[in-house]
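Please look over the sequence and the structure shown here before turning to the briefing. The points after it are grouped by topic.

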Amino acid sequence: MNTEPFGTLSSRTVVLTNENIDTDQIIPARFLTTTSREGLGKHAFNDWRYDKEGRDVKGFVLNRIAPTAHRILVAGKNFGCGSSREHAPWALTDFGFRAVVSTEIADIFTSNALKNGLLPVVIDQASWDLLAARPGENATIDLEAGELRFGNHVAAFNVEPFARRCLLDGVDTMGWLMGRMPSIEAYEKQRAA
Amino acid sequence: MSSKQPRTLFDKVWDAHVVEPEAEDRPAVLYVDLHLVHEVTSPQAFTALNERGLKVRRPDKTFATIDHSTPTLPPGANGKRPYVTDEARKQIATLEENCHTHGIPLAGWDSPNRGIVHVIGPELGLTWPGSVVVCGDSHTATHGAFGALAFGIGTSEVGHVLATQCLLQRKPKTLRVTADGKLQPGVGAKDLALAIIAAVGVGGGTGSIVEYAGEAVRALDMEGRMTLCNLSIEMGARAGMIAPDDVTLDWLRGRPRAPQAAVFGQMAYDWLRLHSDEGAVFDREIRLDASKIKPMATWGTTPDTGIAVDATVPKGATERALDYMGMKAEQTLTDMPVDVVFIGSCTNGRLPDLRAAADVMRGRKVKKGVRTLVVPGSEAVRRQAEAEGLHEVFLSAGAEWRLPGCSMCIAMNGDFVQPGQLAVSTSNRNFEGRQGPGARTVLASPATAAASAVMGRIADPRPFLESAA
């Protein structure tokens with residue numbers, strides 16, 4: 001669990017304009033036999049990055065960038081649809097991403113990403129169009145302000161307030177939920193009665 | 001909340017499970033009645049518990065099985081299961097160890113109850129109407145067929161439930177899909193689901209819980225309802241629900257983990273009142289005429305690309321999807337040659353699914369060169385199918401009859417489609433590479449898949465059913 005406070009992220013973007021990028025593309029199922037959450041970055045977008053012989057697909061953008069300088073993934077709508085595998089955000093963060101920007105991001109992926117220090121940023125279509133048209137753009141994501149800034153443009157975004165607070169303060173959600181134990185015990189008692 | 005305010009089925013189940021209500025700054029704490037666990041999405045959650053020295057809070061509300069990484073071929077001459085890798089073998093061993101350590105019941109290799117998690121939950125009577133069911137698997141929506149609120153969660157949340165039996169959740173929106181009229185002969189729950197997904201779109205259900213209603217839904221058997229709810233995630237909805245009725249109660253009564261006879265009547269009385277009240281408001285409503293639906297098949301790489309099997313691929317279809325699938329706009333689907341047919345999965349691996357496929361294949365042969373894999377959803381389905389002689393139908397047609405598991409649906413156990421091959425599959429996802437790198441998947445019903453196996457191309461099952469009748 002990533003409990004490092006998020007703060008402000010300034011980085012260059014990587015753009016994948018495809019819509020409906022599902023979690024099978026982000027991390028194919030055959031890599032899910034692992035019992036660890038580490039080391040999945042080398043298989044992030046595996047079947048787009050490597051050919052049948054395991055060689056780099058030359059034109060593919062993730063093979064052409066330095067991940068440490070490109071921490072913002074800009075992707076087409078309905079990003080992260082499909083399976084509930086948390087291996088998807090694990091693979092993306094291990095690769096180097098800290099934020100995904102789209103006009104729509106799938107529910108379970110959003111929930112998983114927020115628990116792993118990967119910020120899902122949903123912005124309006126016009127802003128997305130501008131950003132997607134400038135691959136490699138320097139962008140700043142300010143979680144406290146709820147703003148994505150690039151060039152002269154500012155796009156507002158919302159993050160579920162509790163998850164936002166957890167990210168900003170580095171709160172551990174499991175620990176917080178453990179703290180609700182008196183309520184949970186009371187609920188169980190009342191149901192049993 | 002006033003009891004007079006009309007509520008939806010979803011509202012009633014949600015309200016009954018709120019441990020702490022949501023507020024501006026925090027989600028609701030929601031209680032979980034049943035937590036299903038499998039080998040793929042649980043190991044890191046158990047590690048998180050172990051690192052904190054935590055115990056599983058309610059092993060009595062937790063149930064585990066092995067299904068995703070399990071080989072569907074029996075042990076070889078050396079007595080060893082033919083796992084795809086040592087890592088897969090280790091993943092199963094890890095779950096066995098975690099279940100042992102934490103006292104969680106496990107339907108493992110030696111259990112007569114083993115099978116795909118969403119097949120065995122209902123089969124064992126673990127899934128109750130009005131309950132909250134979660135699992136680290138997006139097809140958990142299946143259990144909504146019983147009027148449960150059932151949804152998939154990530155591994156961090158698996159850890160939350162193991163440790164606290166609760167989840168932090170924002171209340172989702174509601175979408176009611178009403179299917180009026182009767183489904184035509186040869187058209188089943190899978191076709192209805194693909195038609196609904198095509199209407200709503202692959203992301204159209206995001207943020208919503210779907211309630212399925214209407215004459216066509218009420219007329220479905222429980223297995224059909226499970227197929228329908230199972231596919232809710234394919235339009236982005238985390239859960240699908242159907243109000244419990246007599247069909248639900250009759251299916252559940254007497255199952256090993258269902259309420260015992262002495263209390264079943266009282267519980268049944270409560271369950272029948274879970275339906276959405278007259279005047280309950282949904283955030284969104286969709287109606288469709290089920291009598292117009294034909295057998296469906298998908299042409300693209302998202303599950304919302306279903307069209308009638310006798311229709312043509314739409315003009316203006318996404319280039320990338322067409323290229324990947326080897327299809328052309330305006331071509332007839334039934335012109336497409338088929339390399340592989342897969343019948344099984346949590347979507348269509350239950351007994352009526354296998355019967356529907358067998359009805360098409362009985363006395364016929366699979367077209368030469370078409371690899372046809374039939375994989376029952378559970379050991380119980382396998383036993384029953386074999387008692388009815390369905391396996392003989394498949395084997396004499398030239399299909400393979402395998403051990404239960406997810407198999408070629410997720411293709412992580414060694415069962416996969418070769419690059420460039422086209423598979424007609426009764427599973428749930430036609431994403432690029434879902435059934436293996438470069439594999440092309442056409443989603444369809446068991447009857448359509450079986451007809452396609454016999455014809456060696458994508459085929460309409462209806463002529464087969466007419467001649468069988």
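The structure is a predicted model, and the model scores ipTM 0.97 and pTM 0.97. For chain B, the mean pLDDT is 97, with 99% of its residues reaching 70 or more.

**Domains of chain B**

- Chain B is divided into three parts, namely domain 1 (9-169), domain 2, which is made of 173-244 + 270-291, and domain 3 (296-468).
- The centres of domain 1 of chain B and domain 2 of chain B, taken over C-alpha atoms, are separated by 24 Å.
- Where these domains meet, 20 residues of domain 1 of chain B are in contact with 21 residues of domain 2 of chain B.
- On the side of domain 1 of chain B that touches domain 2 of chain B, at least two residues each are supplied by α1 (9-15), α4 (117-123) and β7 (149-152) of chain B.
- The residues on that side of domain 1 of chain B comprise 11 nonpolar, eight polar and one charged.

**Contact between chain A and chain B**

- Between the chains, 43 residues of chain A are in contact with 53 residues of chain B.
- The side of chain A that touches chain B draws at least two residues from each of α1 (23-26), α4 (107-114), α6 (161-169), α7 (173-178) and α8 (181-192) of chain A.
- Sorted by class, this side of chain A has 14 nonpolar, 14 polar and 15 charged residues.

**The sheet in chain B**

- An open sheet of five strands in chain B runs in the order β5-β4-β3-β6-β7, and the pairing is parallel.
- Because β5 (106-107) and β7 of chain B stand at the edges and each has a single partner strand, one side of each is left without a neighbour in the sheet.
- Within this sheet, strand β3 (residues 34-37) of chain B pairs with strand β6 (residues 132-135) of chain B in the parallel sense, over three bridges.

**Helix α8 of chain A**

- Helix α8(A), with 12 residues, reaches 16 Å from its first C-alpha to its last, which is close to the 16 Å expected at 1.5 Å a residue.
- How many of the 12 residues of α8(A) are buried? The count is zero, and α8(A) is accordingly described as hardly covered.
- Helix α8 (181-192) is also one of the elements that supply at least two residues of the side of chain A that touches chain B.

Notes. Residues are numbered from 1 along each chain as its sequence is written. Chains are lettered from A and ligands numbered from 1 in the order in which they are written. This is a predicted model: local features need pLDDT of at least 70, side-chain atom pairs count only at pLDDT 80 or more; totals for chains, interfaces and linings use all residues. Domain bounds come from an automatic or database domain assignment. Two residues are in contact if their C-beta atoms, placed from the backbone, lie within 7 Å. Helices (H or I, at least four residues) and strands (E, at least two) are DSSP runs, numbered from the N terminus. Ala, Val, Leu, Ile, Met, Phe, Trp, Tyr, Cys and Pro count as nonpolar, Asp, Glu, Lys and Arg as charged, and the others, Gly among them, as polar. pLDDT is the predictor's confidence in each residue, from 0 to 100. Two strands pair if DSSP finds at least two bridges between them. The expected span of a helix is 1.5 Å times one less than its number of residues. A residue is buried if 20 or more other C-beta atoms lie within 10 Å of its own, exposed if 12 or fewer, and partly exposed in between; C-beta atoms are placed from the backbone.
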